[in-house]
Amino acid sequence: MGDFPILLTIVLAPVIGALVILFIPEKDERLIKITAAIATFVSLVLSVYAYLVYDKTAGGFQFTQDFVWVERFGINLSLGVDGMSLPLVLLTAIVIFTGVFASWDMHSRVKEFFIFLLVLVAGVFGVFVSRDLFWFYLFFEVAVLPMYILIGVWGSTRKEYAAMKLTLYLLVGSAFALIGIIALYVYAKAQLGFGTFDIMTLGTVEFDEAFQKFAFFLMMIGFGFLVPMWPLHTWSPDGHVAAPTAVSMLHAGVLMKLGGYGLIRAGVFLFPLGAKYWAPLIAVLCIVNVVYGARVAMVQKDLKFVIGYSSVSHMGYVLLGIASLNYMSLDGAVAQMFAHGIMTALFFALVGNVYHKAHTREIAAFGGLAHQMPRVASGFLIGGLASLGLPGLNNFVAEALIFLGSWQVEKVLFGWLHFRVLSILAIFGVVITAIYVLRVVQRVFFGPRNPKWDHLTDARGVEMVPIVILIGVLVLFGIFPSLLIDTINVGVGPLVAKISAAAEIGGVF
Amino acid sequence: MQIQLADFALMMPEIATAVLALGLLVVGLVVPKEQSKGIGYLTVAGLTGIWLFNFLYWNEDAALFGGIYLVDSYTVFFRFLFLTAAVIVALASRDYVARLERNQGEFYALLVAATLGMMLLAGAGDLITLYMGLELMTITFVILVGYQKAEAKSAEAGVKYVVLGAMSSAVLLYGLSLVFGFTGTTFINDMVATLSSGNWSPLLLLGIVFMIAGFGFKVSAVPFHMWSPDIYEGSPTPVTAFLAVASKAAGLAAFVRIFMIALPELQAYWMSIVIVLTAITVVVGNLIAIPQSNIKRMLAFSSVAQAGYILFGLVAFSSLGVGAMLFHSILYVFANIGAFGVAIAVKNATGSDEIKDYSGLAQTSPFLAAVMLLCLLSLAGIPPVAGFVSKFYLFLAVIEKGMVWLAFVGIGMSMVSVYYYLIVAKAMYLGTPKEAAKPISVSAGTQIALVICMVAVILFGVYPTPLLNAAMEVGYSFFPF
């Protein structure tokens, strides 16, 4: 395929799809959905192709392309993926493709829905394939506004409140990141003699310690809002619950990963000293994420809230992986982002299916649903097992790597809190996860048949597309983890090299 | 003073504008009311002609008539800005003018005369020319603001503008006279020489303070902004659009020219005032915009806030700052007039300026809703629309000067502004249309104006390079530091 602009096409395919939909009459719903499916399928095929073709021995950014944008300020539209971003591009493609099918039963203002959905996903793709920080930020913001309208119009459960809250939280977070990026640009310009937003060039600049602490702090807060890091997380469960199915999938599945990815790329990679300084804070907060998120998920009455808080909990592991700052843990963090994205998308697709037919998500209202919906029940069970880290599924590999990696850290926080205590607490989070996941599975799907729900039909036809694909991916990467880890390894390598090259400094605690 | 014929050639755009204004006045008297539609087209055609003509002057750098008028790239850039604004406003006011009982022709003549005043203000090389341009602009606006004299709100706005406008002009004039008294010259370019001695009298500083107050009024910087919401709300909407955009830019053009060219030596004194003014303008403008339920008042406060952002360029005191400021101003023209254009259309159809009456607009008139949404996003500075790029450079300019806190204020307040812009988006997209709501039909002129705004806002957001380069070149040649 030579010079074919793979990454540009991945980003633009949804945009072109949206433009085509603009000219399809509103009432031709089927055609609109098929167009959306085709557009996302193009991105999916190219992502899979890129994933398979990526040269792991060469490493670094590949499929690169540069378009001069504003020469005066050194801003280029530079695209490229490395071992860290490639799995996330693949994740986005899988989630959006399945998300389109999960929205097949959407019948209100279909045209606008798919236009906004496709614009949103173009923004998300853009973030993962940008090598230029300006575009990285720009694409991220592109993703925010469609989210507001998607949740506000097609959502449920306090949708207007949730949509506004989500938008403002994300924007406030991005404000911190933006200041960090501009400050970085100005600082680097003084050192390099020319202005650039290119992340690799910026990576060669030696920032002094004070600046690193300052800039990493901004990035930590900025992307911390997105991850979401406790106590900046409150937008996320509200947003997940209010959003329509496909948006929940994309949101929990992919959007939160932008935070983790941004923290690694624009935080740890550029400011390794700053990362070392602030890592203890992240480590402590992420344990709150894990344990508090799981504990809150236990007492939820709404199915979607359970998954919403479980996301907060699972993203805590990603933060733990980042805070541990070693090879294994960072591998695990990226792998966990991928695994959690697939798993949570599966959950939301299934819950959306149930909600669409039963018009309620209240756990107490269900029981014995496996009799009426055996396929949904099995899907949910597999997702649940992935969630609690069952070996053989993708999440196990990721979580194991994070725990092993964090165990190697020999830091002592506050003079008494050994880092390994945090690892133990995180592992304890898995136990709580097992409790709430199994409890939900048991209350909703198992038990005697409830005749009240006899009218529900099981997932079938297009509804099976997301379920089959997502479970397939979970199992595939669970059984052959090297498919995923080998690629991530290539990306994490240079990052770890930078971390170990940086001086050792004491943490904030 | 030597008057050369060549000087007139360099002033042709101004002269042509003056001729157009007077010509329209005559045509307005001759043409019967039924055919007054033609006057609007004539105005647009004339202004577009001058706009194109202005390209010839891009590389000029000359002082005319012994220096009382300057034609440099800064002047030329602002000519483009005012003419662009005037063309779009003239296009968008077609529906409004058609419904006037009388004085249809004069409306356009006054619009063009105000444009002339702005151009003079931007190009003025001495304080007297500057004041003349300012008065021409202010007085025509007084008439335009109170154009619907039968309507209480419009008449009230007109009177307020007379009183407050005259007051601020007086304050400014006093400031100018003090500066003249100390420097002994009215020429802006000559002032630096007399001021470099460093032996400044307190009266000079008093003059500077008065000037800041006077210009602060014109650009509606807090705390001199009190007039703007009432007058914006009361004026006919096309006038509001023009007032909010072009008159502000004109005040800014003169403000920046005097302070950056004539008074750089005294930077230590006036900069702290301007910084404080800028910061509170951004904060107060955005905060007060939040509870507004009337779209014109909301846009009025948002334009106060925008003035604050534009002042970032002055605070940065660098060529990057000037370039970013020019870039932001011209994008602000498109975004703000686009938003007002939709407001005009909605007002004509529903008779209401209340945000709640925008409910369901996305379903009844998707085009209008889309223009409004994109323009508001541009004002808020959300990519991929244009406002983001220009704000980015403004923030870059102040951070480069080490004022990270100001960038924090600016970016934080941008995020606050998203909230009140989203309230409009919420009404349009999330609300349901009223039972009786019909698609709003807009005239071809308004449609063209809105399409221009929308295309500009998207195009310069995705590919700002040519315009940005032009603005930066002007910035570097105007203030090469």
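Helix α4 of chain A is mostly covered, with 19 of its 20 residues buried. That comes from a predicted model, as does the rest of this tour. The helix runs over residues 110-129 and reaches 29 Å from its first C-alpha to its last, close to the 28 Å expected at 1.5 Å a residue.

Setting aside neighbours within four places in sequence, A:S103 touches A:K33, A:F113, A:F114 and A:A246.

Chain A also has a hairpin, built from β1(A) and β2(A) with four residues between them. The two strands pair in the antiparallel sense over six bridges, and A:D66 stands opposite A:S78 in β2(A). In the turn, A:G74 has a positive phi of about 65 degrees.

Over in chain B, helices α14 and α18 pack with their axes 8 Å apart and at an angle of about 40 degrees. That angle makes α14(B) oblique to α18(B), and the crossing is left-handed. Here is who makes the contact:

| Helix | Residues spanned | Residues in the contact |
|---|---|---|
| α14(B) | 295-316 | B:Q306, B:Y309, B:I310, B:F312, B:G313, B:V315, B:A316 |
| α18(B) | 386-400 | B:K391, B:L394, B:F395, B:A397, B:V398 |

Key: Residues are numbered from 1 along each chain as its sequence is written. Chains are lettered from A and ligands numbered from 1 in the order in which they are written. This is a predicted model: local features need pLDDT of at least 70, side-chain atom pairs count only at pLDDT 80 or more; totals for chains, interfaces and linings use all residues. Side-chain values use heavy atoms; hydrogens and water are left out. Two strands pair if DSSP finds at least two bridges between them. The expected span of a helix is 1.5 Å times one less than its number of residues. Buried means under 20% relative accessible area, exposed over 50%, partly exposed in between (1.4 Å probe, protein chains only). Axes are lines fitted to C-alpha atoms, for helices over the stretch in contact, and angles run from 0 to 180 degrees between N-to-C directions. Angles under 35 degrees count as roughly parallel, over 145 as roughly antiparallel, 65 to 115 as roughly perpendicular and the rest as oblique. A crossing is left-handed if the near helix is turned anticlockwise from the far one by less than a right angle, and right-handed if clockwise. Contact means heavy atoms within 4.5 Å.
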